[in-house]
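My entries follow in the order I made them.

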Amino acid sequence: MRALTEPRLVLASHNTGKLREIQALLAPFGVACVSARDLGLKEPEETETSFAGNARLKAHFAAQASGLPALSDDSGICVDGLEGAPGVYTADWAETPNGRDFTMAMTRVWEALEAADAPFPRHAQFNCTLCLAWPDGHDEIFAGIVPGQVIWPMRGTHGFGFDPMFQPDGFDQTFGEMLPEEKHPLSHRADAFKKLVSGCLS
(Lines give C-alpha, C1' and ligand atoms only; values in the text may rest on other atoms or scores of the structure.)
Protein backbone atom coordinates (compact mmCIF):
# COMPACT_ATOMS: atom_id res chain seq x y z
CA MET A 1 0.00 0.00 0.00
CA ARG A 2 1.40 3.41 -0.97
CA ALA A 3 2.04 6.03 1.72
CA LEU A 4 0.87 9.61 1.19
CA THR A 5 3.99 11.76 1.50
CA GLU A 6 2.69 14.93 -0.17
CA PRO A 7 1.62 17.74 2.21
CA ARG A 8 -1.42 18.76 0.13
CA LEU A 9 -4.20 16.98 -1.63
CA VAL A 10 -7.39 17.77 -3.48
CA LEU A 11 -10.77 16.70 -2.20
CA ALA A 12 -12.56 15.64 -5.38
CA SER A 13 -15.88 17.14 -4.34
CA HIS A 14 -17.80 20.41 -4.37
CA ASN A 15 -19.66 19.43 -1.18
CA THR A 16 -18.72 21.92 1.55
CA GLY A 17 -19.97 19.61 4.32
CA LYS A 18 -17.67 16.82 3.17
CA LEU A 19 -14.78 19.27 2.85
CA ARG A 20 -15.17 20.45 6.45
CA GLU A 21 -15.38 16.88 7.72
CA ILE A 22 -12.36 15.63 5.77
CA GLN A 23 -10.27 18.72 6.58
CA ALA A 24 -10.88 17.99 10.27
CA LEU A 25 -9.90 14.33 9.80
CA LEU A 26 -6.69 15.21 7.89
CA ALA A 27 -5.54 18.08 10.11
CA PRO A 28 -3.74 15.93 12.73
CA PHE A 29 -1.57 14.42 10.00
CA GLY A 30 -0.32 17.74 8.66
CA VAL A 31 -2.04 17.29 5.30
CA ALA A 32 -3.76 20.34 3.84
CA CYS A 33 -6.93 19.71 1.86
CA VAL A 34 -8.28 21.96 -0.88
CA SER A 35 -11.52 21.28 -2.70
CA ALA A 36 -12.03 20.72 -6.40
CA ARG A 37 -14.32 23.76 -6.33
CA ASP A 38 -11.51 25.95 -4.95
CA LEU A 39 -9.28 24.87 -7.85
CA GLY A 40 -12.02 25.47 -10.41
CA LEU A 41 -12.24 21.79 -11.33
CA LYS A 42 -15.44 20.38 -12.72
CA GLU A 43 -17.09 17.31 -11.24
CA PRO A 44 -17.16 14.37 -13.64
CA GLU A 45 -20.42 12.62 -14.32
CA GLU A 46 -20.85 9.66 -11.99
CA THR A 47 -21.52 6.84 -14.42
CA GLU A 48 -20.53 3.83 -12.30
CA THR A 49 -22.96 1.56 -10.44
CA SER A 50 -20.89 1.04 -7.27
CA PHE A 51 -19.50 3.32 -4.58
CA ALA A 52 -15.95 2.17 -5.41
CA GLY A 53 -16.43 2.79 -9.13
CA ASN A 54 -17.66 6.35 -8.65
CA ALA A 55 -14.99 7.10 -6.04
CA ARG A 56 -12.26 5.98 -8.45
CA LEU A 57 -13.72 8.00 -11.31
CA LYS A 58 -13.80 11.22 -9.26
CA ALA A 59 -10.39 10.80 -7.63
CA HIS A 60 -8.54 10.05 -10.87
CA PHE A 61 -10.24 12.94 -12.64
CA ALA A 62 -9.14 15.42 -9.93
CA ALA A 63 -5.63 13.98 -9.67
CA GLN A 64 -5.08 14.26 -13.42
CA ALA A 65 -6.55 17.77 -13.60
CA SER A 66 -4.63 19.15 -10.60
CA GLY A 67 -1.35 17.23 -10.66
CA LEU A 68 -1.86 16.55 -6.93
CA PRO A 69 -2.98 13.45 -5.05
CA ALA A 70 -6.77 13.48 -4.84
CA LEU A 71 -9.14 12.03 -2.29
CA SER A 72 -12.69 11.25 -3.31
CA ASP A 73 -15.64 10.08 -1.33
CA ASP A 74 -18.62 8.28 -2.76
CA SER A 75 -21.22 7.69 -0.14
CA GLY A 76 -24.88 7.08 0.30
CA ILE A 77 -27.61 5.56 2.36
CA CYS A 78 -28.80 2.02 1.66
CA VAL A 79 -32.24 1.25 3.07
CA ASP A 80 -33.05 -2.42 3.61
CA GLY A 81 -36.78 -1.98 3.03
CA LEU A 82 -36.04 -0.43 -0.39
CA GLU A 83 -33.69 -3.24 -1.46
CA GLY A 84 -30.66 -1.02 -0.83
CA ALA A 85 -31.96 2.14 -2.53
CA PRO A 86 -31.10 4.98 -2.86
CA GLY A 87 -27.55 3.56 -2.58
CA VAL A 88 -25.17 4.98 -5.17
CA TYR A 89 -28.04 7.18 -6.39
CA THR A 90 -28.50 8.90 -3.00
CA ALA A 91 -27.65 12.37 -4.32
CA ASP A 92 -29.80 11.81 -7.42
CA TRP A 93 -32.86 11.34 -5.20
CA ALA A 94 -32.32 14.92 -4.02
CA GLU A 95 -31.88 16.53 -7.44
CA THR A 96 -34.28 19.28 -8.49
CA PRO A 97 -34.07 21.90 -11.27
CA ASN A 98 -32.88 24.32 -8.57
CA GLY A 99 -30.26 22.12 -6.92
CA ARG A 100 -30.38 19.36 -4.32
CA ASP A 101 -33.26 19.21 -1.86
CA PHE A 102 -32.55 16.60 0.81
CA THR A 103 -35.77 17.31 2.70
CA MET A 104 -37.59 16.22 -0.43
CA ALA A 105 -35.30 13.20 -0.77
CA MET A 106 -35.86 12.09 2.82
CA THR A 107 -39.61 12.47 2.37
CA ARG A 108 -39.38 10.38 -0.80
CA VAL A 109 -37.55 7.60 1.08
CA TRP A 110 -40.10 7.53 3.88
CA GLU A 111 -43.06 7.56 1.50
CA ALA A 112 -41.52 4.66 -0.43
CA LEU A 113 -41.11 2.70 2.80
CA GLU A 114 -44.71 3.43 3.75
CA ALA A 115 -45.92 2.34 0.31
CA ALA A 116 -43.93 -0.89 0.68
CA ASP A 117 -45.33 -1.41 4.21
CA ALA A 118 -41.74 -2.02 5.34
CA PRO A 119 -41.42 -3.50 8.85
CA PHE A 120 -39.96 -1.64 11.82
CA PRO A 121 -37.24 -0.97 12.71
CA ARG A 122 -36.43 0.23 9.23
CA HIS A 123 -32.80 -0.76 9.02
CA ALA A 124 -30.36 1.21 6.88
CA GLN A 125 -26.63 1.72 6.49
CA PHE A 126 -24.60 4.73 5.60
CA ASN A 127 -21.82 3.63 3.25
CA CYS A 128 -18.64 5.51 2.35
CA THR A 129 -15.89 4.52 -0.05
CA LEU A 130 -12.76 6.66 -0.14
CA CYS A 131 -10.37 6.57 -3.06
CA LEU A 132 -6.93 8.15 -2.78
CA ALA A 133 -5.47 8.55 -6.27
CA TRP A 134 -2.16 9.89 -7.52
CA PRO A 135 -1.48 11.65 -10.84
CA ASP A 136 0.48 8.60 -12.05
CA GLY A 137 -2.71 6.50 -11.95
CA HIS A 138 -2.13 4.57 -8.71
CA ASP A 139 -4.98 4.43 -6.21
CA GLU A 140 -5.99 2.93 -2.88
CA ILE A 141 -9.60 2.16 -1.86
CA PHE A 142 -11.10 2.14 1.66
CA ALA A 143 -14.72 1.32 2.53
CA GLY A 144 -16.60 2.25 5.70
CA ILE A 145 -20.08 1.58 7.01
CA VAL A 146 -22.28 2.61 9.94
CA PRO A 147 -25.47 0.61 10.61
CA GLY A 148 -28.66 2.14 11.94
CA GLN A 149 -32.24 2.83 11.00
CA VAL A 150 -34.24 5.54 9.27
CA ILE A 151 -36.81 7.33 11.44
CA TRP A 152 -39.65 9.80 10.90
CA PRO A 153 -40.19 12.65 11.34
CA MET A 154 -36.66 13.81 10.60
CA ARG A 155 -34.87 15.35 13.57
CA GLY A 156 -32.00 17.81 13.91
CA THR A 157 -30.42 20.66 11.99
CA HIS A 158 -26.76 19.59 12.12
CA GLY A 159 -24.95 17.58 9.49
CA PHE A 160 -26.07 17.37 5.88
CA GLY A 161 -27.76 15.06 3.40
CA PHE A 162 -29.84 12.31 5.03
CA ASP A 163 -28.42 12.92 8.54
CA PRO A 164 -31.75 14.10 10.07
CA MET A 165 -33.49 10.77 9.34
CA PHE A 166 -30.62 8.40 10.20
CA GLN A 167 -30.26 7.08 13.75
CA PRO A 168 -27.10 4.99 14.23
CA ASP A 169 -27.34 1.75 16.17
CA GLY A 170 -26.84 2.20 19.91
CA PHE A 171 -27.93 5.86 19.95
CA ASP A 172 -31.25 7.66 20.43
CA GLN A 173 -30.19 10.71 18.41
CA THR A 174 -30.03 11.10 14.66
CA PHE A 175 -26.84 12.26 12.96
CA GLY A 176 -28.73 15.51 12.39
CA GLU A 177 -29.11 16.02 16.15
CA MET A 178 -25.46 15.36 16.94
CA LEU A 179 -22.84 18.08 17.04
CA PRO A 180 -20.03 17.57 14.51
CA GLU A 181 -17.62 16.46 17.22
CA GLU A 182 -20.14 13.81 18.31
CA LYS A 183 -21.02 12.57 14.83
CA HIS A 184 -17.62 12.54 13.12
CA PRO A 185 -16.04 9.70 15.17
CA LEU A 186 -19.12 7.52 14.53
CA SER A 187 -19.58 8.16 10.85
CA HIS A 188 -19.12 5.88 7.88
CA ARG A 189 -16.56 8.39 6.63
CA ALA A 190 -14.58 8.07 9.87
CA ASP A 191 -14.69 4.27 9.55
CA ALA A 192 -13.25 4.47 6.03
CA PHE A 193 -10.78 7.14 7.11
CA LYS A 194 -9.36 4.97 9.90
CA LYS A 195 -8.50 2.41 7.24
CA LEU A 196 -6.91 5.10 5.06
CA VAL A 197 -4.82 6.30 8.02
CA SER A 198 -3.65 2.77 8.75
CA GLY A 199 -2.77 2.15 5.11
CA CYS A 200 -1.42 5.48 3.88
CA LEU A 201 -0.81 7.96 6.70
CA SER A 202 0.59 6.05 9.67
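**Pockets**

I began with the largest pocket and found that S3 gives the most to its lining, with 5 residues. This is a predicted model, so I noted its limits: local features need pLDDT of at least 70, side-chain atom pairs count only at pLDDT 80 or more, and totals for chains, interfaces and linings use all residues. Residues are numbered from 1 along each chain as its sequence is written, and side-chain values use heavy atoms, with hydrogens and water left out.

I wrote down the terms next. Helices (H or I, at least four residues) and strands (E, at least two) are DSSP runs, numbered from the N terminus. A pocket is an open set of points on a 1 Å grid over the protein atoms alone, with protein on both sides within 12 Å along at least five of seven lines; a cavity is a set where a 1.4 Å probe fits but cannot get out; lining residues have an atom within 4 Å of a point. Points are joined across faces, edges and corners, and a volume is the space filled by probe spheres set on them.

The largest pocket has a volume of about 720 Å³. I counted 35 lining residues, of which Asn15, Lys18, Ala91, Arg100 and Phe102 lie nearest its centre. H1, H2, S3 and helix H5 (188-201) are the elements that give two or more residues to this lining. By class, the lining has 10 nonpolar, 11 polar and 14 charged residues. Here Ala, Val, Leu, Ile, Met, Phe, Trp, Tyr, Cys and Pro count as nonpolar, Asp, Glu, Lys and Arg as charged, and the others, Gly among them, as polar.

The second largest pocket has a volume of about 180 Å³. Its lining includes Arg20, His158, Phe160 and His184. H1 provides the largest share of that lining, 3 residues. I sorted the lining into 4 nonpolar, 4 polar and 3 charged residues.

**Cavity**

I found 1 cavity of 30 Å³ or more. The largest cavity holds about 40 Å³ of space. Among the residues lining the largest cavity are Ala12, Leu41, Glu43, Lys58 and Phe61.

**Sheet and helices**

I traced 6 strands in an open sheet of mixed pairing, in the order S2-S1-S3-S6-S7-S8. Two strands pair if DSSP finds at least two bridges between them. Strand S2 (32-35) and strand S8 (166-168) each have a single partner strand, so one side of each is left without a neighbour in the sheet. S7 (residues 139-150) and S8 run antiparallel and are joined by 3 bridges. Gln149 has Gln167 in S8 as its bridge partner.

I then checked the helices. Helix H1 (residues 16-26) lies across strand S1 (8-11), S2 and strand S3 (70-79), at about 165° to S2. Helix H2 (residues 51-66) packs on the sheet, touching S1, S3, strand S6 (123-133) and S7, and its direction makes about 160° with that of S3. Axes are lines fitted to C-alpha atoms, for helices over the stretch in contact, and angles run from 0 to 180 degrees between N-to-C directions.

**Leu82**

Is Leu82 buried or exposed? I found Leu82 buried, with a relative accessible area of 16%. Buried means under 20%, exposed over 50%, partly exposed in between (1.4 Å probe, protein chains only). Leu82 sits in the loop between S3 and strand S4 (95-96). Leaving aside neighbours within four places in sequence, Leu82 is in contact (heavy atoms within 4.5 Å) with Trp93, Val109, Ala112 and Leu113.
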